[in-house]
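Hi,

Here's the structure I promised to pass on.

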Amino acid sequence: MAQERAITGVVKASDDGLPIPGVTVRVSGSANIAVQTGGDGKFSLKVPSSAKTLVFTFLGYETKEVSIASVMNVTLNPDTKILNEVVVSGGGLTARKKELGANQTTLSNDAVTVAKPTNVVAGLAGKVAGLNVQSVGSGVNPNYRVVLRGMRSLTGNNEALIVIDNVIVPNSILGNLNPDDIENLTVLNGSSAAALYGSAASNGALIIVTKKGRKGDGFDIKVSNTLTLEQVSFYPELQKQFGSGSDNDVQIYNPIENQQYGPAFDGVVRPIGRVFPDGSFQRVPYAWTNAKYNFWDTGYTNATDFSVSSGSAGKGSMYAAAQFVTAQGTTPGDKFNRATARVGGTRIISDKLTFNYSVNYVQNRYDITTQTSNIYNYLLNAPGQVPLTSYKDWKNDIYASPNGYFNAYYNNPYFMADNYRQNTRNDYFVGSSELKYKPLEWLDFTGRLGLTTQNASTKSYSDIFIFDPFYANQAGSSEYKKQNILGGVTDSFSYTTNIVSDFIVHGQKKVDDFKFDLTVLGQLIQRQAKNESASVSGLVTAGIFNLGNSLNNPTASESSSLTRSYGLSGKLDIGYKDYLFLTLTGRNDWVSVLAPENRSFFYPSATLSFVASEAVDFIKNIKQIDFLKLRAGWSKVGQVNIGAYSLVPTFSQAAGYPYNGIGGLSVDNQLVSASLKPEMTTQWEIGTDFSLYKSRVNVGFTYYDTKTKDQTVSTGVSSATGFSSFLTNTGQTSSRGIEASLSVVPLRTKDWEVTVGSNYSHYDNTVDYISADLNQLTLGAYGGTVGSYAVAGQQFPVIQGKTHVRDNQGRIIVNRFTGYPSATTGLSILGQANAAHILGLNLNVSYKGFTLYGSGEYRSGNVIYNAGGGTFDFSGAGINTVAYNRDRFVIPNSSYLDPATNTYVANTNITVRDGGPGYWTISGPRTGIDENYVTSGAFWKVRELSLSYNLPASVVAKTKFIKGAKISVQGRNLFVWLPKTNVYTDPEYSDGNGVSSGNAIGLTNLSQTPPSRYYGATLTINL
């Protein structure tokens, strides 16, 4: 057992000599051998004989490291360096916080990983003002959308740029990055803060710095394991009163009917499905079973982490880590695994030469069904009396087999999950190397090379199923049993490789009260991609999923691209008396996808920071004010929103060709302007940051205003040209908003510390105009009508659809004979799709070795269109269809035309002709009126909860090799509160994520698995 010694002492403030309670005193290099000072500033700590120094930390004071003595009297200085903290400012450059004239936020590793997400983005929701994290889907390793300051580009990319260790990477990397490898993550909200990254950063940027090893001498090993369970957290509200039937006016039971307009449940055993060859029927109690909810599995994710961190004073540091994640989703049979390995570090070659490096390899594997949307749809709309969960063994159970399955219109969801599969392989490699040479104290040169590559292959397949003639002959012409499942297979392969090369010259000079800092950067970015796909329908032999296992010719496609961009930028920082800072940037890009005469474009920025607490005497003398900074910024950034080879029409194989050995090609139907140029975003912002009471109160506020013009838009063109649309620069959007943050430490004692934080974002994104001949753009729509639109003069985007025909008092007009309403012929604006308000809240409570953390988020000011709502009405599964117990009813707030007076009078007695399928399933009075399915997009969510405990140093010290141990339990997305009208789904989900660059927001459907909550536990050991 290692020998220990007792250390005692007292900690006081240097400015007033008073003792400081609550100071953390820990052994350098060990997080677990620590104690806090009492109310008198005194402490007592047992330390190993090998310990050399103690580290003293307290919010609002400078951290101090002191050599160990038996009795220690330590004084801490007020932290005047809060604004002097060095942070990432863009382009791989750094700056002090006080110098920054644009809004940005830096999160530590602990802030991102507190609830142990396996996806980095999941740990960001609700934590940064101006950052909108949207979980657009579900399943294993779900997808997220990351947008800063709302949407600006009508049809182009609106997501933030992702940069890891100064290498620009695709957004998909975020779902494959080990969160524990992150040192810190910086969110650059505006384009002025990201100007040095070029046009790709016009939407702001997330700058991730990974760990590079331990500071100082030493060697640390960390091992951890996290087990997380996943359960469905929210289901659409379904009716539990009526079963199979579809007749108007009367409720008649139909054993093969999927619609649920039959009689009320009575518990009597009744047949379901058609007759079997032996003359029997499957019979079940006519009662609600809850099987629709019980279908989903309890998923799990197991993540094992191992890392080694070392450091050597004057020589450098190294960090190596590996993680293996295995997951099983809530959809039966869906699986995912991910393996990551990372090595990074710094090598000090000499006092003038430093080498930084980072290498990350990731592989993930998916085994999932391709029928998720159909399964969810089939389940929710199936009759409630059917024991769906008893149909797992479809190969051996005749009731579960597609032959004998009861439903005439929807196949067995267990069969669908098993028979239609997709196996995906993704391999990522991200590497960066940086050599920094500093020949003079005021001059340094940096060369940097970054590489990102992704290789992917996917095999999607379905097996053969031949229906027994007995069952096929019983089926109606529109039933699925009439058509054999012939099977098929699709093989696809793709790779993308991005190379980023930077050369930076940096110099600084101080002249009297002025400090000049000049950076010149040259950058080359090359992107290369290739996609190949081949598919065949109709397999010869069941179970062999090979393109050659067919008598039919495969269809194939291939695409490849190579693009380059060159950038030359400069950044000049001018500081005056260390309280006034002006930053000027300018960049010129040359982009290969544009025409030669338009490839070059320039964009500048300027920011100003004024630290009033260091410049104004009366503010200096207010002891309660730690610092006060005023800032302002202006920027102009371009974004190219076309892909490779988009300037000229392309040819593709025409339908029906090759024919008789002759090929046929058809030309693309879009004409592209030869003078196409980048979209240009001009933005200005003003704000303030201040801290009070030794950093116990911290406030940030920003107001911004943005205009994006020369949008890349498809407009109309004369059919005489032979084309149907014309891609050109036109249109403008505007964005205004507020970003505010507040952090307060209301309680701090020897044992307790409580921190309460909040952030608020307000978005006002509008479409100023589109073009002279185009008033609106369809971003994504169902059936060409209801959907997400960009409309001139309106919020961006809005939901448009058909509404009820109303009188001049806003009442729904009904037919005075049938009681039915009708739909408008044109589309109306039903509300904005983007949330106008986002409020994030977080709480951190520490008591001795325990830490409780929680975060929540509120969003409002938007609506969503629930495309599944009409499906629920048609099937009779939805809760709305029993609002009047399937009886005839009067349409609320309705009127009818009184022929005697030729005026509209209030309707108090004319009911709908049928309270069953004659109303709820019909397009004219119900399902074709889109406003019936528009609900508020507001929600409250408990995003994260975590309770952790650091084992006491006295317990850990009993071992010879464990430096620290921590256990925690945590949960994510534990609770959600929605408006009563939203009986459908999570408002965050987006059915339009793959449409119009993901801009078709505000649309939901049954294409995803239901939302999930996660809860688990973690054990971490430091060696």
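Before the results, one term: a cavity is a set of grid points where a 1.4 Å probe fits but cannot get out, and its lining residues have an atom within 4 Å of one of those points. The idea is simple: rolling a probe the size of a water molecule over the atoms shows where empty space is left. Keep in mind that this is a predicted model.

So, how many cavities of 30 Å³ or more does the structure hold? There are 9 of them.

Start with the largest cavity, which has a volume of about 310 Å³. Its lining is made of 24 residues, and the ones nearest the centre are Ser 135, Tyr 144, Asn 973, Ser 1012 and Tyr 1014. Two or more lining residues come from each of β11 (131-135), β52 (939-950), β53 (964-977) and β55 (1012-1022). Which element gives the most to this lining? That's β53, with 4 residues. Sorted by class, the lining of the largest cavity has 11 nonpolar, 7 polar and 6 charged residues.

Now the second largest cavity, at about 240 Å³. Here 22 residues form the lining, with Thr 118, Asn 141, Pro 142, Thr 301 and Tyr 1014 nearest the centre. By class, the lining of the second largest cavity splits into 9 nonpolar, 9 polar and 4 charged residues.

Cheers

How values were computed. Residues numbered from 1 in each chain as written. Predicted model: local features only at pLDDT ≥ 70, side-chain atom pairs only at ≥ 80, totals over all residues. Heavy atoms only, no water. 1 Å grid on protein atoms, 1.4 Å probe; cavity = no way out; pocket = protein on both sides within 12 Å on 5 of 7 lines; lining within 4 Å. Points joined across faces, edges and corners; volume = space filled by probe spheres on them. Nonpolar A, V, L, I, M, F, W, Y, C, P; charged D, E, K, R; others polar.
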